[in-house]
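Please keep the sequence and the structure in view while reading.

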Amino acid sequence: MPADIQIQASGGLAAPQATAVLDLVRRATSADGVSPLSEHARLHLRYGGDPRARDLLIWRDGQLAGYAHLDAPDAESWLSGEMVIDPGSRRQGLGLALARALISEAGDRGLRVWAHGDRPAATALAARAGFERTRTLFQLRRPLAGEIAEPHVADGVVIRTFRVGQDEDAWVAVNHRAFASHPEQGSWTRADLDVREREPWFDPAGFFLADRDGRLAGFHWTKIHDARDSDDAGEPAGAEPIGEVYVVGVDPDEQGTGLGRALTLIGLRYLRDRGLPAVMLYVDGDNPAAIRLYESLGFTRWHTDVMFSHQ
């Protein structure tokens, strides 16, 4: 590594450093048309996150040139990371240096790194660093001006909205059950929910819960990205407002009852009635059942995120 490049790894960033990284992320989003970091990593930067996580900063000539985030270790063998190089510092070998630093930080653990937007430069960098393409995440979109079917809710199911201060623990428990095999969503804790309740976009009026016999059976949490926070939708700030099917989950005991489809339609109608022109969502490329459901509701593919793995 050239002498004018330094990499700093730590278990957390001071506020000025975190602010500088978020500014770098905005520049990269503007240049690339897609955010280089997931919401999870951006929330870590804004609120401090898990102190067990690792933050890597790469400097060139004393100037911040890039950032990488490595998730806190858990019981699994794999660690998950993300990285970004400032647009003005690319094609200088910094991306490869930062990728190798992430590999070093992971040690004997396997490492998975997300690349947002499936850009050729990221694919080339991953190959040079010894990563293999192992997973895809599709962003789907549809306009809200078209027909949205009437939701049909089974007898005995009551739809209501989220009650802040009352429903958190029940929601976390059902989310765990609904996404038990999902590597990201299924690991959410009460702290993950609490930090999102602090976000400006959080609105319980768009957080729909389905109860059966007083028990939480499923949910549809919507999100609205306005022009001020559209970078959180993976687009440059100032883009047209858009709604999001943030997360839809159904307790395994309710699988096959049509509750997931009904909750999705309820959320879509809510976002349409808020005057939004379009809606987006994310779905794993290896979940054909969910993709078929969303395509049947008028969604089409917008862009792709890719996970690269290194063992």
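**Cavity, pocket and selected residues**

The structure holds one cavity of 30 Å³ or more, where a cavity is a set of points, on a 1 Å grid over the protein atoms alone, at which a 1.4 Å probe fits but cannot get out. This is a predicted model, in which local features need pLDDT of at least 70 and side-chain atom pairs count only at pLDDT 80 or more, while totals for chains, interfaces and linings use all residues. Residues are numbered from 1 along each chain as its sequence is written, and side-chain values use heavy atoms, with hydrogens and water left out.

**The largest cavity**

- The volume of the largest cavity is about 50 Å³, a volume being the space filled by probe spheres set on grid points that are joined across faces, edges and corners.
- Its lining (residues with an atom within 4 Å of a point) consists of His152, Val153, Ala154, Val157, Arg212, Glu254, Thr257, Gly258, Leu259 and Ala262.
- These lining residues divide into five nonpolar, three polar and two charged, with Ala, Val, Leu, Ile, Met, Phe, Trp, Tyr, Cys and Pro counted as nonpolar, Asp, Glu, Lys and Arg as charged, and the others, Gly among them, as polar.

**The second largest pocket**

- The second largest pocket (an open set with protein on both sides within 12 Å along at least five of seven lines) has a volume of about 710 Å³, and of the 32 residues that line this pocket, Ile85, Arg119, Ala121, Ala122 and Leu125 are the closest to its centre.
- At least two lining residues each come from helix H1 (15-32), strand E4 (78-85), helix H3 (94-106), strand E5 (110-116) and helix H4 (120-128), where helices (H or I, at least four residues) and strands (E, at least two) are DSSP runs numbered from the N terminus.
- H4 gives the largest share of this lining, six residues, and by class the lining has 21 nonpolar, six polar and five charged residues.

**Individual residues**

- Aspartate 61, in the loop between strand E2 (54-60) and strand E3 (63-70), has a positive phi near 55° in a residue other than glycine, and is exposed at 58% relative accessible area.
- Aspartate 213, in the loop between strand E8 (207-212) and E9, likewise has a positive phi, of about 55°, although it is not a glycine, and is exposed at 76% relative accessible area.

How values were computed. Buried means under 20% relative accessible area, exposed over 50%, partly exposed in between (1.4 Å probe, protein chains only).
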